[in-house]
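Let's take a walk through this model together, stopping at a few spots along the chain. Please have the sequence and the 3D view open side by side.

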Amino acid sequence: MVDKQSSVIGKPIDRVEGRLKVTGKAKYAAEIATENVAVGVVIQSTIALGHIEKIDRRAAEGSAGVLAVFTHENRPMTLTETKEGKNLFLLQDDQIRYDGQIIGLVVAESFEQAEHAASLLEISYKPEHANTDVEKCANEKQKNLIEVKDSHYKRGDFASGKAAAVALIEETYRTPTETHNPMEPFSTIASWEGDSLTLHDSTQAVFSVRQNVATILGLAADKVRVVSSYTGGGFGCKLSVWAPLVVAAMAARKLDRPVKVVLSRHQMFGPVGFRPATIQAITLGAKGDGTLTAMGHHAVQETSSFADFMEEVTICTKSTYACANVDTQHHLAHLDIGKPTWMRAPGHATGSFAIESAMDELAYKLKMDPIELRIKNYADKDPDSGLPWSSNSLRECYKQGAQRFAWEKRNPQPCSMRDGNQLIGMGVATALHSYWRNPASASVQLLADGTAIVQSGSQDIGTGTYTIMTQIAADKLSLPVEKVSFRLGDSNMPKAPMSGGSTTAVSVGPAVAQASMDAITKLKQLAVGDKKSVFFNADASKIEAKDGMLFLSSQPSKTESYASIVSRTRSKSLKVEANTDVGENEKNYSINTFGAQFAEVRVDADLGIIAVARFVGAYDAGRILNAKTARSQMLGGITFGIGMALTEHTIIDHNFGRIINSDFAEYHIPVHADIGAIDPFFLDTKDEQANILGAKGVGELGITGVAAAIANAIYHATGKRIRDLPITIDKLL
Ligand code: MOS
C-alpha cells in the first residue's frame, strides 16, 4: 500500500505527550498516587562472594515508622525455584554471589524512615575471594573460561584467506563493563487485591514482566497486571525482571499494604544488569587493493558465575563486508559479578568498536582512504545468509555523510592537522544494525464524537512510541492527529512485545496500521448495512475515507461522518483488534539498518584532553516515521557512543570484587559541556520489503560505530591507537 503524499507519517510533529512531561503531569511509576503505600529500601551485600553470617535486625525494626525488615531469615514468601527467579536472589538463602546483591528490604511509613532504619542493620559476612577479573581469567585460561556452544562460526577458508593477505592486522580491542543509567531509576509500586497483583513499574516490557513475575510467584498470568505509562529511559536494563520488583511484591503481600521501591543511583550499579566487558581479538587480511581476504573475531566476554549472558559481538563482522573467509568465536568468563544484560545495541556497539577500529588500522597499512576501503568491500548481498538486502544505502551513507562532514578537508597523515594547541583528528566508521520484528496486536475504537482510541500494550521508553503510533493511526484512519488518542503500557491492553532491539516501531506500527485499516473497513460495512446511512446498499469498495468522513468515489458530495455512523450503533462505538505476525519477507531478504559515522576530535596537545567537536551520522533506517523523534534517537545514540568512547567504565576493585565508582561523581556519562555539534541525518529510504510501513527501526543504530569513529579520529589527531575503551587521558599521554 502506497501512502498518500500528504501522509502525516514522517512529519516532525512534537511528542504528543510532550506537554504532559514538561509540566510534570505525566506520572511515572513511583509517582502513581497509591493509598496507604509503604516505602521499601533495598539492602545490598557489601561483599562479592561468600555468605551472610548474621544480620541483626533489632535496631532497624525498633526504629521509628518501620513496618518490617525482611531478610533471608524472615523472608516474606518462600518461593519454588523457577528459571525466571533463579538468578535474582530473592531472599531465599544466605549465599552471596556478587557485590551489591539484594539481601534485604526495609519497609517503613516513609522513605526517610526506611533509609535511616537500613543504616542501623548490623550485617556480618563470611567472605570468600571473588574472581572478578576478566583479563586474568582470559590470560590464565582459567577453567571458568568456557567456549559458548555452537559459537564457532566459519565461512570459507580463513587460514588460506589469511595466508593470501598482503596486509594483515592482528590486534586485540577491549570494551569495559558499563552501567545503564536511565534518568529514571528502577521504580515499582506493588499492590495486592486478594490474590491479584498490580505493578506500576518502570519497564520496557509490560507483558514479559507480567509473565515472569507470575511464574516466579506461582500465579496465573492473568492475576498480574503491569502498568507503565511512562518510562524514563531503559537502554536495555528494563527489559528484564530484577530482584527489587519481586521483593517489593513479596513484601506487599506479607504486609497487606502497597509497597513502593525506588532504587537510588548507587543501587543501579550491580543488581539490575550492566554491559559486560569484552576482549576481542581481531584479524583482518587484505590484498593490496584493499579486498578483504580474511576476517577473524574471537571474543571473550564476562558473565556471572550463575548465568550465561552473551552479547553477540561478532554480529557486524559476519554481515558488514563482502569477505569470503570469516572465523568468529565466543568465550564466556564466568565471574563473581552480577548478571549482565542487554545494553544499547548489545553486540553491535561493542563489536563494531573492534572491527571498525581494525578497518581503520588496515586502511593506514594499505595507505588507502578508510572510506574507500569500506566501499571496496561493500557487500551487495548479506555475506552471512546469502540473502539479498531488502534495501541497503550504505554507499550513499558514506557519500552523503562525507560531503556533510567535509571529509575532503582531512589530511590523511596522522598528527597533520592542528588548530593552535589542539590536534585535530577525523575518523569514520560503518554502522550496521539488525532488524527484528515481533508479533504484536493493537485495538482501535471509533467513538461517536468522531475521535479514536488506539491501544497496544507496548512501551514508550522515551523513543517517541506515543507519537509515531498516533501518526500511523491518524494516517490509516484518515483522521487528524488531534482526534487520535494512543494509549500504551498496560498488560490489560492488546499484547505487544518488549521494547528492545529497536523493534517497537516495526512490530507495533504494523499492528496499529492494520487495526486502523480494519476499523475503516468495518465502518464502511456498517454504513452499507444501515438503513439510516446515506451509503445504505452502496458498494463498500467504492467508499473512501477522508478527514473523518466517508464519501463515494463516484459522487464525492455524498458524505457521512464516522461520528454519525458510529452514533447509531448500540454501543455508540466501533471496536476492532488486529494481530500482526512477523513479515513473510524476513525469510527472503536480509533486513538491516546502515550508517556512516564521522567524528572530529580535538585533543589538547599538552594535556591530552579530548573533545568530540563535531559528529555527523548518515543513516539508512528505512522510512522515517517522525523526523523529529527519530533525529532525537540518533542524538541520544551518538551521545551514548561518546560516553562509551571516552568516559563510561564501571570499575571493579579486584581485591574485593566491588564496584568502586557507583555514582555520577565517579561514573562519567557525557553532559552538555561534553557534546559538540552533533548532526545526524537520514536518507529516508523507504524499504518496500520490510513491512507495510517501509520502516526498519532507528534507536540502536545511533550508537553503533560511534566509539570506533572517535577512536579512529583520535589516532588521526595524535598518532596513538587506543584499543581499550574508554579512551581516557592516561591512555593517551
Ligand atoms: Mo535495548 S539494549 O534493545 O533496550
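Is alanine 345 buried or exposed? Its relative accessibility is 0%, so alanine 345 counts as buried, since the buried class covers values under 20%. Before going further, please keep in mind that this is a predicted model.

You will find alanine 345 in the loop between strand S16 (326-335) and helix H10 (348-366). Its phi is positive, at about 55 degrees, although alanine 345 is not a glycine. Most residues other than glycine have a negative phi.

Now move back along the chain to leucine 91. This residue, again not a glycine, has a positive phi near 60 degrees. Leucine 91 sits in the loop between helix H3 (83-86) and strand S4 (95-96). With 3% relative accessibility, leucine 91 counts as buried.

A further backbone feature waits at leucine 725 and proline 726. The peptide bond that joins leucine 725 and proline 726 is cis, with omega about -5 degrees. Most peptide bonds are trans.

Next, let's look at how some helices pack. Start with helix H7 (residues 206-217) and helix H8 (residues 243-255), whose axes are 11 Å apart and meet at an angle of about 55 degrees. H7 and H8 are therefore oblique to each other, and their crossing is right-handed.

Helix H13 (residues 465-477) and helix H14 (residues 504-528) come next. Their axes come within 8 Å and cross at roughly 30 degrees. That angle makes H13 roughly parallel to H14, because angles under 35 degrees fall in that class. The crossing of H13 and H14 is right-handed.

Then turn to helix H16 (residues 627-646), which packs against helix H17 (residues 706-718) at an angle of about 55 degrees. The axes of H16 and H17 are 8 Å apart. What does the angle make of this pair? H16 and H17 are oblique to each other, and H16 passes H17 in a right-handed crossing.

Glycine 697 counts as buried, at 7% relative accessibility. From C-alpha to C-alpha, glycine 697 and threonine 685 are 12 Å apart in space, and they are 12 residues apart in sequence.

Let's turn to the charged side chains. The count of salt bridges comes to 36. Glutamate 17 takes part in two of the pairs described here. With arginine 15, glutamate 17 forms a salt bridge in which the closest N and O atoms are 3.9 Å apart, a value within the 4 Å limit for a salt bridge. With lysine 21, the side chain of glutamate 17 meets in a salt bridge at 2.9 Å, N to O. Glutamate 17 is buried, with a relative accessible area of 2%. Arginine 15, in contrast, is partly exposed at 26%, and lysine 21 is partly exposed at 24%.

Where do the partners lie in the salt bridge between glutamate 171 and arginine 723? The side chains of glutamate 171 and arginine 723 meet at 3.6 Å, N to O. Glutamate 171 lies in strand S9 (residues 167-175) and arginine 723 in the loop between H17 and H18, so the pair ties together parts that are 552 residues apart in sequence. Glutamate 171 counts as partly exposed, at 28% relative accessibility, and arginine 723 is partly exposed at 23%. Both residues belong to a network of salt bridges that links Glu171, Asp360, Glu361, Arg721 and Arg723.

Isoleucine 729 is partly exposed, with a relative accessible area of 37%. Together with Leu607, Ile609 and Leu733, Ile729 makes a nonpolar surface patch of about 390 Å².

Terms used:
Residues are numbered from 1 along each chain as its sequence is written. This is a predicted model: local features need pLDDT of at least 70, side-chain atom pairs count only at pLDDT 80 or more; totals for chains, interfaces and linings use all residues. Side-chain values use heavy atoms; hydrogens and water are left out. Patches are made of residues with over 30% relative accessible area and no salt bridge: like charges are joined within 9 Å, nonpolar side chains (Val, Leu, Ile, Met, Phe, Trp, Tyr) within 5 Å. Accessible areas come from the Shrake-Rupley method with a 1.4 Å probe; for residues, only the protein chains shown count as cover. Buried means under 20% relative accessible area, exposed over 50%, partly exposed in between (1.4 Å probe, protein chains only). Axes are lines fitted to C-alpha atoms, for helices over the stretch in contact, and angles run from 0 to 180 degrees between N-to-C directions. Helices (H or I, at least four residues) and strands (E, at least two) are DSSP runs, numbered from the N terminus. Angles under 35 degrees count as roughly parallel, over 145 as roughly antiparallel, 65 to 115 as roughly perpendicular and the rest as oblique. A crossing is left-handed if the near helix is turned anticlockwise from the far one by less than a right angle, and right-handed if clockwise.
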